[in-house]
Amino acid sequence: MASTERYVVGLEISDIAIKKAEELSSSLPNAKFVSFLKADFFTWCPTELFDLIFDYTFFCAIEPEMRAAWAQKIKDFLKPDGELITLMFPISDHVGGPPYKVSVSDYEEVLQPMGFQAISIVDNKLAIGPRKGREKLGRWKRSVRHSLL
């Protein structure tokens, strides 16, 4: 995702994960267009709002009771015309977690009150073998009416 046109910030709470991400990305041609920050998503305050947020399975890792707070932070972090991309996994009926099971309606339940509407929700055709059929990609935008709130 990182390029001369797009600077990427990876937010992570684990030092180990940040170190690994930095190691893996340091030799890539786009390495100077990405940074990794250690912070708690729920308490972090960015210095700028984002054009795009890509939630890569963070939603399924948090306690389901925290999902409404997740949606509020997503809204707070995005520019009014920004987009949210969600990798929805695991779409299943298993009990317990993490990962906790998710469904499209779980996302809609917390995103719609924040003014987000799904632009598209499609099966992830690039999912790895064991995850095929259990992942969807969602693309979300806030409606104009809610953006002014």
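## Basis and definitions

Two strands pair if DSSP finds at least two bridges between them. Helices (H or I, at least four residues) and strands (E, at least two) are DSSP runs, numbered from the N terminus.

The model is predicted: local features need pLDDT of at least 70, side-chain atom pairs count only at pLDDT 80 or more, and totals for chains, interfaces and linings use all residues. Residues are numbered from 1 along each chain as its sequence is written, and side-chain values use heavy atoms, with hydrogens and water left out.

Four strands form an open sheet in the order 3-4-6-5, with mixed pairing. Strand 3 (50-56) and strand 5 each have a single partner strand and stand at the edges, so one side of each lacks a neighbour in the sheet.

Strand 6 (residues 136-142) pairs in the antiparallel sense with strand 4 (residues 78-88) over six bridges; here I85 is opposite R139. Strand 6 also pairs in the antiparallel sense with strand 5 (residues 116-123), over seven bridges. In that pairing F116 stands opposite R142, and K136 is the bridge partner of D123.

## Helix packing

Helix 3 packs on the sheet and contacts (heavy atoms within 4.5 Å) strand 3, strand 4, strand 5 and strand 6. Helix 4 also packs on the sheet, touching strand 4, strand 5 and strand 6.

## The nonpolar core

A nonpolar core is a set of buried (under 20% relative accessible area, 1.4 Å probe, protein chains only) Ala, Val, Leu, Ile, Met, Phe, Trp, Tyr and Cys residues joined through side-chain atoms within 4.5 Å. The largest has 21 residues, and those with the most contacts inside it include W70, L84 and W140. Helix 3 (67-77) is among the elements giving two or more residues, and its four residues are the largest share.

Technical notes. Buried < 20%, exposed > 50% of the residue type's maximum accessible area, 1.4 Å probe, protein only. Axes fitted to C-alpha atoms, helices over the stretch in contact; angles between N-to-C directions.
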